[in-house]
Amino acid sequence: MRHPSARAGRTRDARGAIRSGPGTAASRVLLRLLLVLVAACGLAVLVPGTAGAEGEQVVGTLQTSRSGPIEGIEVTVATVDGDEVDTAETDDDGRFEVDLPGPGQYTVTIDADSLPDGVVITGEDSRTVTVDAGRRQPVQFGLNDGSQGAGGGNVEAVQLLVDGLRFGLLIAMCAVGLSLIFGTTGLTNFAHGELVTIGALFAWWVNTGLGVPIIPAAIIAMIGGAAFGALNELGLWRPLRRRGTGLVAALVVSIGLSLLLRYLIQIVYGGFSNPYTGLGTSRAVDYGLFRLTNQSLISIVISIVVLLLVALMLQRTKIGKAMRAVADNRDLAASSGINVNRVILVVWMMGGALAALGGVLLGLSDQVRWDMGFQLLLLMFAGVTLGGLGTAYGALVGSVIVGVFVQMSTLVIPSDVKYVGGLVLLIVILVIRPQGILGSRARIG
Amino acid sequence: MGDLLNALAVAGKSALGFQAVFFALLAIGLNVHFGYTGLLNFGQIGFAMLGGFGIAISVTQWGLNFWVGVVVGLAAAVFLALLLGLPTLRLRADYLAIATIAAAEGLRLLFRSVSASPVTGGTRGLAGFNGAFISLAPWDTSRRYPILGTRWSGGELWVALVGWVLVALLCLLVWLLMRSPWGRVLKAIREDEDAVRALGKNVYLYKMQSLVLGGVMGALGGMVYVVATGAANPDQFQNANTFLAYTVLILGGSARVLGPVVGAVILLFVIQFADTGLRALIGNGVIPEGLLSATDVAQIRFVLVGLGLMLLLVFRPQGIFGDRREVMLDAR
């Protein structure tokens, strides 16, 4: 999620992806996948040849949420020995690019005095980076525009509460699927974070690669997420259940799947952070006690509507009742005529779609990254455990509490360790009330 | 052909060097947890990080003796095991899994944060703490020695030697423990916890002892790693390494004394061979840079590990040497 504090850097030129065109991007992805598979088979054919190196660059973006992109800041690049390589000024998107003579270590310095009023650098004004051959090395500078402080009539605690609510609802959306899958199949799905990442990535590709606006792109991503969830169930978990694979073995298989997908994503997509395009202004609107960007507001509204729909479905529809029945007692549900496998398939599809939507919302506030889902997974676990493993409403309540707790904790702890607070909360819950708020004692074994 | 020989040699070095020792030690610890007791510790890398940073922080920041640093690292691992075990060992297996993976990732985030960097060095990490240990080597550590087609520095050779001796000692310890009455109780807990409880054993206490013992072994692994590389950086301790250690364990055969050792040598050889081979192919231009760049290759090992872990558990959960009847991978 985006903190109210400013974020800068590590943004790859999104237009770069358009330039290569959707068709070639897809074939490149396919080729890379093939290549990885070949590597996985241990096939190695060694033929001599020549290496083609491209030019090395350092790139970055200077922007904050309040001031927007910052133009005309001088960026100086020097070698570690202090020899100046080149200087550049940020353009009207706040971006800078400096060509380098070759790979090696470089020091990138920005001119702190020329920053606009109210914007200060958090930390040092120079960064030392190691640039590999042929790489465009992103450089990140932390900028603070003071929006994190309590100034401007905003109450910091209220601001954090609203941010936390947004984040918690987002976690809840992803975690409902995790919890329902656990409830219906007993599987603790460690690969659920990758459902989130894949949803966000798919939407990013549709959005920037095919030029589809973000809302249709998110809907397409949800359909993709549902299909991927179904693929998970039909291609892996149903056959494994049929083989009688134990739950612990299945747990470790899900870890394997998570690693496989996560690092495949990193290879195919790269270690970049990319934003969605066509979002409009990212300026925060003042609501008196707190400030909120329009994106965050829409994110909150969408989360609430979707979660209400999920609750309505669980409560009123036939399939929803069947889901709760299977989660409650699988054998009893089966013997009363419920097609358990079909219910589980629907749960997977729903979980996949919700995780994809959650991924898109996370990508809106936090940009799209290869490990965004895994980072979120641990908070999902915290939320689901707090609420009670296996209960849909528990996941909802627990996740919102975790989200709010994580954001509010920045009142007392530095914001770069706020996730640690969430994880500590998880361990504290296990000490005090392992069955969670809504869980039943019988489940914890 | 030269490239192929080179890839074989580099792979052989990593299969005999400190990398294999590191994963063998992590996996021996996991063997005690998972193989013998049936505990799912998904945060073994957190124990390793505490071990490694125990030395690094003690020596560079507090100016203590190297061996005091070792004790600090081990004590930190014991503390973490107690902290995680107290709430979760009474619960079902997956609660321990969630708590340990969360603790390991949380510790890494904490160690790399800006607020911790005065102590841990943040994302830059710490360096320059292994001098006292390297200088104990009976040979000249500034020279490089050609062995099996690659060159080892004297220091690497020394750490690898001490590391393998440590592995051998721990294997002996595990062997002795597991044929003792204590070890039989652990195995019985793995098979049927309730039956053991009915016999009047304090299952919770045994599980806790197992968690502490395996965690300490993980910490020793982390120490070998940071002493060999001469630097401790939180980002070296990515959680994926825990699962690399699991793959090592299951490949070699869990609940077998030498399973982790065999698994470590084989797996490290395979992934390093794939790594070096692919880099050579990219360097040669066989694989165009646009498809797969040299920086992407570093991720291949985890793709291999993920795939290997899935295939092993589905098709051969007992690994190479394991006994299928002993590998009861079912939930409690």
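Select residues 203-229 of chain B. This is helix 11, with 27 residues. From its first C-alpha to its last, helix 11 of chain B reaches 39 Å, close to the 39 Å expected at 1.5 Å a residue. Keep in mind that you are looking at a predicted model.

Is helix 11 of chain B enclosed or open? Of its 27 residues, 20 are buried, so the helix is largely enclosed by the rest of the structure. Step just past its end to Gly230(B), which takes a positive phi of about 75°.

**More of chain B**

Now colour the spans that UniProt, in an unreviewed entry, annotates as "transmembrane region" in chain B: 15-32, 39-60, 66-86, 157-178, 211-231, 243-271 and 298-315. Two of them are worth a stop.

- Select residues 66-86 of chain B. The span is 100% helix and 0% strand. Its end C-alpha atoms are 30 Å apart.
- Select residues 298-315 of chain B. Here too the chain is 100% helix and 0% strand, with 27 Å between the end C-alpha atoms.

Next, go to Ala255(B). It lies in the loop between helix 12 (240-252) and helix 13 (259-284) of chain B. Most residues other than glycine have a negative phi. Ala255(B) has 25 C-beta neighbours inside 10 Å, so it counts as buried.

**Chain A, the overall plan**

Switch to chain A. It has 13 helices and 13 strands. Of its 445 residues, 48% count as buried. Among contacts in chain A with a separation of 6 or more, 75% are between residues 24 or more positions apart.

Colour chain A by domain. Domain 1 takes in 1-7 + 55-148, and domain 2 takes in 156-444. How far apart are the centres of domain 1 and domain 2 of chain A? Taken over C-alpha atoms, 34 Å separate them.

Strands of a sheet pair through backbone hydrogen bonds.

Walk across this sheet pair by pair:

- Strand 4 (residues 74-79) and strand 5 (residues 84-89) of chain A pair over 5 bridges in the antiparallel sense. Look for Val75(A), whose bridge partner in strand 5 is Ala88(A).
- Strand 4 of chain A is also joined by 5 bridges to strand 7 (residues 104-110), again antiparallel. Find Thr79(A), which stands opposite Tyr106(A) in strand 7.
- Strand 7 and strand 9 of chain A pair over 6 bridges, antiparallel. Val108(A) has Arg127(A) as its bridge partner in strand 9.

Zoom in on strand 1 (residues 56-61) of chain A. It runs antiparallel to strand 6, and 6 bridges join the two. Which residue of strand 6 is the bridge partner of Thr61(A)? Arg95(A) is.

**The annotated spans of chain A**

For chain A, the unreviewed UniProt entry gives "transmembrane region" at several spans, including 296-314 and 343-364. Select 296-314 of chain A: 100% helix, 0% strand, with end C-alpha atoms 27 Å apart. Then select 343-364 of chain A: also 100% helix and 0% strand, with the ends 32 Å apart.

Move on to Gln367(A), in the loop between helix 10 (340-366) and helix 11 (372-387) of chain A. It has a positive phi of about 70° although it is not a glycine. Is Gln367(A) buried or exposed? It counts as buried, because 20 C-beta neighbours lie inside 10 Å.

**Last stop**

Select Arg433(A), in the segment after helix 13 (418-432) of chain A. With 14 other C-beta atoms within 10 Å, Arg433(A) is partly exposed. Finally, draw a line from Arg433(A) to Val155(A). They are 278 residues apart in sequence and 33 Å apart in space, C-alpha to C-alpha.

Terms used
Residues numbered from 1 in each chain as written. Chains lettered and ligands numbered in written order. Predicted model: local features only at pLDDT ≥ 70, side-chain atom pairs only at ≥ 80, totals over all residues. UniProt positions renumbered as here; feature names shortened; annotations may be inferred. Helix = DSSP H or I, 4+ residues; strand = E, 2+ residues; numbered from the N terminus. Pairing = 2+ DSSP bridges. Expected span 1.5 Å × (residues − 1). Buried ≥ 20, exposed ≤ 12 C-beta atoms within 10 Å, placed from the backbone. Domains from an automatic or database assignment. Contact = placed C-beta atoms within 7 Å.
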